[in-house]
Structures are given as C-alpha cells and as structure tokens.
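Colleague: Could you put the model up, so that we can go through a few places together?
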Amino acid sequence: MKKIVFISSEGVPFIKTGGLADVVGSLPKCFNKEEYDCRVILPKYMCISEEWKSKMSYVTHFYMDLAWRSQYVGILQTEYEGVTYYFIDNEYYFAGPKPYGNIYQDIEKFAFFSKAALSALPVIGFKPDIVHVHDWETGLIPVYLKDKFHEGEFFRDMKSVITIHNLKFQGIWDMKTVKDITGLPAYYFAPDKLEAYGDANYLKGGIVYADRVTTVSETYAEEIKTPFYGERLDGLMRARSNVLSGIVNGIDYDEYDPETDKLIEKNYSARTFRKEKIKNKRALQKELGLEQDDRKFMIGIVSRLTDQKGFDLIAYMMDEMCQLDVQFVVLGTGEERYENMFRHFAWKYQGKVSANIYYSDQLSHKIYAACDAFLMPSLFEPCGLSQLMSLRYGTVPIVRETGGLKDTVEPYNEYESTGTGFSFANYNAHEMLYTVKYAMDVFYNRKREWNKIIDRGMAKDFSWSTSARKYEQLYDELLGW
C-alpha cells in the first residue's frame, strides 16, 4: 500500500476560495483505494462552518517550537467520502472571517501550519511515502523535509511533490522576518534556494527542494519556462524542467451533470440536448429579463472579473459585440471597473445584456446549461475549470489558446469536421471578435455542424478519475515502482 498525504491551505467541502480547494477535495477520493492510502491535512480555520466543525473529533495535542516560540498544535479528525481528513488547530493563527488575510500574517501562519503538519505525522501514526503539497502556503514543507526533519528516522525517505496552481502567488516577504519565523539556518537564504530578488520566497523554496514539481496543465508547464508567464521564476522553472510536468485538473462529474443537476430548469443528456437544452435558455431569458427568443445566440461568462481573465479585450469590443444578434449573461465579481462596465452595458442594452455582479452557485449552473457559447479570453490560465463545465453541459467554449484552455478545447475545423470549441491564438481584441463572429456564423447557418461540435464536447472525459490515473503514474515513478 502506497501512502500519500495531501497538505493544503484549503479543500472542499470544508473551506474554499478557489480551484485549489476543488483539487484537494476531489483527487484523494479518486485514487485506487486498493493501492493508495491518501489522507489530507488542512488548517482548522475558525471560519469553517459549524456543520463541519461538529463532525470533527479531537485526536490529541502537543507543543512545537517555531523558531524561538513554543506553539500549541491541536489535531482533529473526520472522514468524508472515504477519505480521512486531519485538521491542525491553533486559535491564534486560524481565527478571522477568512482563510487568508494580510500577507505578513499569512507568512507566519503558513510557516506554523507547514511545520505543524509535518510534526503531526508521527503523532497520528501515519508515515506517508509521498508528501504532496500545494501552492506557496505549503512551499516550506519540502524545505523542512530536507532540513530539521531529515535527521529523524521517520522522515528520512519521504518524497515530496509540489503542485503550482497559479505561479502568480508566491508568498514573498523580507528575509530577516522569514528567517526569524521559520527558524531555518541562514544557509537556506541564498539565490539558489529561498532567496529571490532580495526577499524570501516560499513557493521558490518548495520548487527548489521538492522531488517533483507539477502544475495544472501541460501547456502551462511549458509556458512558465518563459519570461511572459514565468512571474520572474522562469529561470528556475527551466532549471527544474527535468522534474516538471503538467496534469490537467478535472471537475466533479456527479456535481456537474446535466442529466441529474437539480439546479437547472430542464435535465438533458448528450442524446436529448437537441430538444431539451433550449428549455433552459427560455427559462433563463425569462428569469433575467432578457428578450425571449430561441434563436438569439446566448454567450455566458462566469468568472472573477480581473485582467487575468481577458476582460480588457471584452471591454474594448463590448459595444461592437452588442450590435450583433447576441445576448450576454455575466456572473461574477472582481475589479470595480469591470463590474461597472457590465452594469453600464446591461443598462445600455436592456434585454441583451444581463450583469449579475455577485456569486451564485445556482445561477452558474443555469448559465452553463442555458447558453449556446461560453466566452473565456484569458491572458493566462493555469488550468481553468469553466471551459470543462461548459463542455460537459454542451455549451460551446470560445477561448484563447493559453494554459489549460489550449489543452482542453480543441478548435473547430470545418474541413475535417473536428473540434469541441473555438479558439484564437493572440491576445488581441479583434481576433476575439472575429472568433465570436465565426462561432455565430456556424450557430446560425450550419446548425448540424454546431450540434456535432456539442456532441464531441459532451463525449470528452474531464472527470477527476482521468487526472487521478496520471498522478498515480507520477507517484509510482517517484517511488520507483
């Protein structure tokens, strides 16, 4: 039996701020239980809902040195969908209404969490073959494994894997403070280790010391070796390219299933979408006060409204796109200028644009089910989940060829009748507009071709079990099986 522990700052269903939580909550239950015993360690935040806290049972507690301080470490445990979860408890660090706060507090909080999670392993009697950590918050773990913990018999042969979910966030703070907090010797704060551009960098430490580095799509793994995508770590990514690989995330095929989804108006499947999917469109047009017309080309957007997601391109072309025979349904929050831009267009083009500047899980499902196309012109996208959901619901993605979007959406080829969506290569507003118009042309004038694109998209398998097989292969290589 191979033993794996996931250590992460968030995981569904307990705590979620982004895609990281989906990965940590979904992957462990998809591993082959005959061969892999995978458990998860998370912080016990005060803001976790009572519903989950009440299911946790106390295991034990101990005191741990963090540099010159002695800190309380409580351990709680629960089981969810066949996976054992442990929670590290310390009210001083994990109080507050949100999992993350000011970076200077988070730097200390996650140094504590990283060391406590490792220190807890012998206490709970679980000795993993592989410690799999995620993002900068747990970047110190591979460093600690090579330092203090390496001296102990228990930790000596443990391997580590770090997954980068978004290279933009690195956990950077000044070296003096980080030395003091982590208790790591000065030796570690050199340019080939934790130091980067004069500061200490948690993610860099993890990348330097982990045995394997993964990221959430094959294309993103290539992109981050270049200056444009590399967030000033491209040199390091090139140096570590022999242990770097990309594995695309999945989505939960039980939660996102148009055949059984309770949040949508009318269920449908790959066989019945031609007749039934339209009923979702009618219901959404009615609910949002859009013009009720089956033939209108309806484009959905569910996203954080930020530059990363390509909203400057949309802002540039929105007036022009609204002259076309389209409807836009937007859901999300983010930068104020984009929130206000969509409010403005919803006012200017009533019946054509619906701006929903908040987040609602239910409305997101309705949008995936109702729309004809889904627009995602991202500047960069490590993996992206919305395009996977839209493929699952037979809503045709229109994306820019970057990161996970390039890996998961195959561009339509009218000569060979292949492809699952539409894409454009350059980060250019006119190219995006041209691609939207091309998609509309197929939708209006070649309906059979459009339906075949949907058929191919709905036949794709981006469930977690596909990703899990690839991670298993990676673990086996690392352990020499």
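Colleague: Where is the place of Tyr 349?
Modeller: Tyr 349 lies in the loop between helix H12 (336–348) and strand E15 (353–356), helices (H or I, at least four residues) and strands (E, at least two) being DSSP runs numbered from the N terminus. This is a predicted model, where local features need pLDDT of at least 70, side-chain atom pairs count only at pLDDT 80 or more, and totals for chains, interfaces and linings use all residues. Residues are numbered from 1 along each chain as its sequence is written, and side-chain values use heavy atoms, with hydrogens and water left out.

Colleague: Does Tyr 349 count as buried or exposed, and why?
Modeller: Tyr 349 counts as buried because its relative accessibility is 13%, where buried means under 20% relative accessible area, exposed over 50% and partly exposed in between (1.4 Å probe, protein chains only).

Colleague: Which residues is Tyr 349 in contact with, leaving aside neighbours within four places in sequence?
Modeller: Tyr 349 is then in contact (heavy atoms within 4.5 Å) with Asp 319, Cys 322 and Gln 323. The C-alpha atoms of Tyr 349 and Asp 319 are separated by 9.3 Å, and these two residues are 30 apart along the chain.

Colleague: Changing topic, which are the buried residues of H10?
Modeller: They are Phe 273, Glu 276, Lys 277, Asn 280, Lys 281, Leu 284, Gln 285 and Leu 288. The buried residues of H10 pack against several elements, including strand E13 (297–302), E15 and helix H17 (447–459).

Colleague: And what comes just after H10?
Modeller: Just after H10 comes Gly 289, which takes a positive phi of about 70°.
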